[in-house]
Amino acid sequence: MAEDNNNDQKDDRGPGRDVGVVTRTAPKTKRPSLYKVLLLNDDYTPQEFVVWLLQAVFNRDAEESLRIMLHVHQNGVGICGVYTYEVAETKVAQVMELSRRNQHPLQCTMERE
Ligand code: TYC
């Protein structure tokens, strides 16, 4: 293609061999849905256990864990964190298993943002 210097994606191999240009009409990636992991208050689970759990499962520091625990204690429900579906599901399962193993009635759920 000596004289073909205009980059129009045609070639010289005969009919029907031009390279098509695909125009992207939608973005390739979609942002995943996010889910709030919610902790529910109850009258029996010790405050110290909830504070410990928030650090262990949700990687919160001591101060933030105390703040979240007190919020749940006073308001009935509170957000531990926001995650993609599978991460949120795993956190809920970890909370439920730790609560069960320690014989606390603590409940945890997830909700789409
Ligand atoms: N209400 C509990 C108590 O007074 C403490 C508590 C806080 C329990 C948060 C659950 O998600 C919870 N011992």
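## Cysteines

The sulfur of cysteine 108 is 5.4 Å from the closest cysteine sulfur, which belongs to cysteine 80, and that is too far for a bond. A disulfide is defined as a pair of cysteine sulfur atoms within 2.5 Å. Searching the whole structure turns up zero disulfides. Cysteine 80 is accordingly in no disulfide.

Cysteine 80 is buried, at a relative accessible area of 0%. Cysteine 108 is buried too, at 5%. Buried means under 20% relative accessible area, exposed means over 50%, and partly exposed lies in between (1.4 Å probe, protein chains only).

## Basis of the model

This is a predicted model, in which local features need pLDDT of at least 70 and side-chain atom pairs count only at pLDDT 80 or more, while totals for chains, interfaces and linings use all residues. Residues are numbered from 1 along each chain as its sequence is written, and side-chain values use heavy atoms, with hydrogens and water left out.

## Ligand site

The residues around the ligand include Leu39, Leu40, Asn41, Val50, Met69, Val72 and Leu106. A residue counts as near a molecule if one of its heavy atoms lies within 4 Å of it. Asp42, Thr45, Gln47 and His73 also belong to this shell.

Polar contacts are pairs of N or O atoms within 3.5 Å; within protein, one must be able to donate a hydrogen and the other to accept it, and residues adjacent in sequence count only if both atoms are side-chain atoms. A backbone N or O atom of aspartate 42 is 2.7 Å from a ligand nitrogen. For threonine 45, a backbone N or O atom lies 2.9 Å from a nitrogen of the ligand. Histidine 73 uses a side-chain N or O atom, 2.9 Å from a ligand nitrogen. The ligand taken alone exposes 350 Å², and the protein buries 89% of that. These areas come from the Shrake-Rupley method with a 1.4 Å probe; for residues, only the protein chains shown count as cover.

Elements giving two or more residues to the shell are β1 (34-40), α1 (47-58) and α2 (62-75). The most come from α2, with three residues. Helices (H or I, at least four residues) and strands (E, at least two) are DSSP runs, numbered from the N terminus.

## Serine 99

Serine 99 sits in helix α3 (residues 85-101). Its relative accessibility is 1%, so serine 99 counts as buried. The serine 99 side chain reaches the backbone oxygen of valine 95 at 2.8 Å.

## Valine 82

Valine 82 belongs to strand β2 (residues 77-84). Valine 82 is partly exposed, with a relative accessible area of 35%.
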